[in-house]
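Colleague: I would like to learn how to read packing and ligand contacts in a model. Please show me the case first.

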Amino acid sequence: MSEINWSQLHTAAIAAMKTAYAPYSKFPVGVAALVSDGRIVSGCNVENASYGLGLCAECGLVSQLIATGGGRFIAISCVDGQGNPLAPCGRCRQLLFEHGGPSALLMTDDGPQTMAAMLPWAFGPDDLDRIEG
Ligand code: THU
């Protein structure tokens, strides 16, 4: 895996954000990720008149990851309507962790951070294999 092109990821996240369907919150979100095979996948938030049913951008990202062949997230850029880094909500950190693990990188206002830092003491697939006692 070559060097991460954060600028390219940021551009893809902004492009995704511009497709967001956020008529209720008026808070568009876009996210793009570099996958282990080199492709880039993206997603945007999709809201609903039944407010609680809205889908975060990361949900679309994960759907596109799986629908286009799977793989692992290497690096992720998530942006708000101004194109600034957005810290994903807790539920979405869990979604990203599932498909990137602790070493996946997420761009923040303080530069790239690992998912281990963004979701400390995470529950993940490995925990399902643990049998205690
Ligand atoms: N949102 C996301 O798409 N991802 C996040 O990580 C945080 C929040 C969306 C949900 C809703 O459509 C809007 O942002 C305002 O909360």
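Colleague: Leaving aside neighbours within four places in sequence, which residues is Phe 73 in contact with?

Modeller: Contact means heavy atoms within 4.5 Å. Phe 73 then touches Ala 33, Leu 34, Val 41, Leu 61, Val 62, Leu 65, Leu 96, His 99, Gly 100 and Ala 104. This is a predicted model, where local features need pLDDT of at least 70 and side-chain atom pairs count only at pLDDT 80 or more, while totals for chains, interfaces and linings use all residues. Numbering runs from 1 along each chain as its sequence is written, and side-chain values use heavy atoms, without hydrogens and water.

Colleague: Which residues touch the most other members of the largest nonpolar core?

Modeller: A nonpolar core is a set of buried (under 20% relative accessible area, 1.4 Å probe, protein chains only) Ala, Val, Leu, Ile, Met, Phe, Trp, Tyr and Cys residues joined through side-chain atoms within 4.5 Å. Of its 20 residues here, they are Val 41, Leu 61, Phe 73, Ile 76, Leu 96 and Met 115. A separate core of nine residues includes Ala 12, Ala 13, Met 17 and Ala 32.

Colleague: Which polar side chains or backbone atoms lie by an oxygen atom of the ligand?

Modeller: A polar contact is a pair of N or O atoms within 3.5 Å. An N or O atom in the Asn 45 side chain is 2.9 Å from a ligand oxygen. For a polar side-chain atom of Glu 47 the distance is 2.5 Å, and for a polar backbone atom of Ala 57 it is 2.8 Å. The protein covers 76% of the 370 Å² of accessible area (Shrake-Rupley, 1.4 Å probe) that the ligand has on its own.

Technical notes
Buried means under 20% relative accessible area, exposed over 50%, partly exposed in between (1.4 Å probe, protein chains only). A polar contact is a pair of N or O atoms within 3.5 Å; within protein, one must be able to donate a hydrogen and the other to accept it, and residues adjacent in sequence count only if both atoms are side-chain atoms.
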